[in-house]
Amino acid sequence: MTAAPPAHAAPGPARRPRLRTLRGPEFTRLLGVGDHRPARIIDNAELCRHIDSSDEWIRERSGIVQRRQAAPEESVVDMGAAASRAALDYAGLSGADIDAVICATITHPWQTPAAAPVIADRLGTPHAAAYDLAAACAGYCYAIACADDLIRSGRAEHVLVVGVEKLSDYRDLRDRGTAFIFGDGAGAAVVGPSDTPGISATTWGSDGSGAELISQSQSWAQAQRRYASHSIGFPGDPVVADARPADPDAAWPFIDMAGPSVFRWAVATVSGICSQALDAAGITAADLDVFIPHQANARIIDAMAKKMKLPAHVVVADDIADMANTSAASVPLATAELLRSGRARPGDLALQIGFGAGLAWAAQVVVLP
Amino acid sequence: MSTMTSTEIQDGLADIINEETGIDQADVELDKSFTEDLDIDSLSMMTIVVNAEEKFGVKIPDDQVKNLKTVRDAVDYIASAQA
């Protein structure tokens, strides 16, 4: 039922001024990519001093050889800004050219302010619109879709997309099933207008019924109620009885993952999303030069490539060996590495897909810069 | 999908296992355990389950997978799910 307009409402539409809107260019493309790999390398042997596992088991199950660990004082903002500077250099642009910054992350440890405005300030983009985007491992590809839309709508001319994670802060060393998976790092891309299509229509979505498959072990509010020495409410407020786990090492909200169930979802469902993304882009797997899936696990990547019947000529990103799973950072990190090594070249057609906690996913075909 | 005989299911499963792991179809015998005898890890098991669901037109929920310890368990489960 529609409510009647209030009595003081302005008279009919004919007398209203017509609001001005924007319209942008028809096409966009990636103008540059960059990455930041923290200096400290933790190989499987070193990690296995802290967890009950082995180099052989980790390689066999995940393809991970080592991961990077940011220094204690090296923040999400630091890493994101470093990758952003590299992407701006690649694009031949400066911070002043950027109208909007989107930072995809789930490990910026400040609920507020977001990381993006601080990164923007560091880059000398004083008035850029800037916001964080929380879509976990799908975050970068979500943000590329947003950047494409912002530019084509005329809202922005150049958008900086950053994917950055410091997952070592949320790694549970008591859990041998996940402790080897996560790594730290950042990747970034500059998106701008183009004369020809450089970013295809994005295929994206979510399925919150699988929310528990990859999740924080407890909410921040639960952690506070369980572990704070006293209530942070008004004096005299009742303490909310929230059961405290017996294990004192459980005090922190770690990232939990049901590995085999996530693996199954990726093989059964995400491979199909790749095919939908190719259809949406109007191409087939045979047209691809490069496949850059979120670097979740080498076994997932192999299974997806097999299920998609990816032709042998398509280069498949394998940055997981060096970086482990860096969530929102993995796709731009892998893209930068493929271009740096010469395994992919500017102008190549790449299918990129992010998928993970939410559950959430996004995929698009891009022309590499 | 029409129901299949146990032998047909076993043969189909053997093809899926061979495709995923390279294990010879003839080694996929009813009394073999997936983990101990065939050395199939939890991730390969998930790929096999996904492909079995497609091939046999059945649903095998995550919480059922751990109950499928032997080839016979899987064949019986698929046969009853098809029925």
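Start by selecting Leu13(B), Phe34(B), Met45(B), Ile48(B), Val49(B), Ala52(B), Ile60(B), Leu68(B), Ala74(B) and Ile78(B): together they line the largest cavity. Keep in mind that you're looking at a predicted model. Now color chain B by helix, and pick out H2 (42-56) and H4 (71-82), the elements that each give two or more residues to that lining. H2(B) gives the most, with four residues. Color by residue class next: the lining has ten nonpolar residues, with no polar and no charged ones. As for the hole itself, its volume is about 60 Å³.

Next stop, the place where the chains meet. Select the contact residues on both sides and you'll have twelve from chain A and 17 from chain B. About 1,200 Å² is buried between the two chains, and carbon and sulfur atoms give 49% of that area.

Which residue does Arg61(A) meet in a salt bridge? Zoom in and you'll find Asp41(B), at 3.3 Å from N to O. Between chain A and chain B the count is five salt bridges, and eleven residue pairs are in polar contact, with both partners at pLDDT 80 or more.

Finally, hide chain B and look at the side of chain A that touches it. Helices H2 (55-62), H7 (259-281) and H8 (298-307) of chain A each supply at least two residues there. Highlight H7(A), which gives the most, with six residues. Color this side of chain A by class and you get four nonpolar, two polar and six charged residues.

Definitions and conventions:
Residues numbered from 1 in each chain as written. Chains lettered and ligands numbered in written order. Predicted model: local features only at pLDDT ≥ 70, side-chain atom pairs only at ≥ 80, totals over all residues. Heavy atoms only, no water. 1 Å grid on protein atoms, 1.4 Å probe; cavity = no way out; pocket = protein on both sides within 12 Å on 5 of 7 lines; lining within 4 Å. Points joined across faces, edges and corners; volume = space filled by probe spheres on them. Nonpolar A, V, L, I, M, F, W, Y, C, P; charged D, E, K, R; others polar. Contact = heavy atoms within 4.5 Å. Buried area = accessible area lost by both parts, 1.4 Å probe. Salt bridge = Lys/Arg side-chain N within 4 Å of Asp/Glu carboxyl O. Polar contact = N/O pair within 3.5 Å; in protein donor to acceptor, adjacent residues only side chain to side chain.
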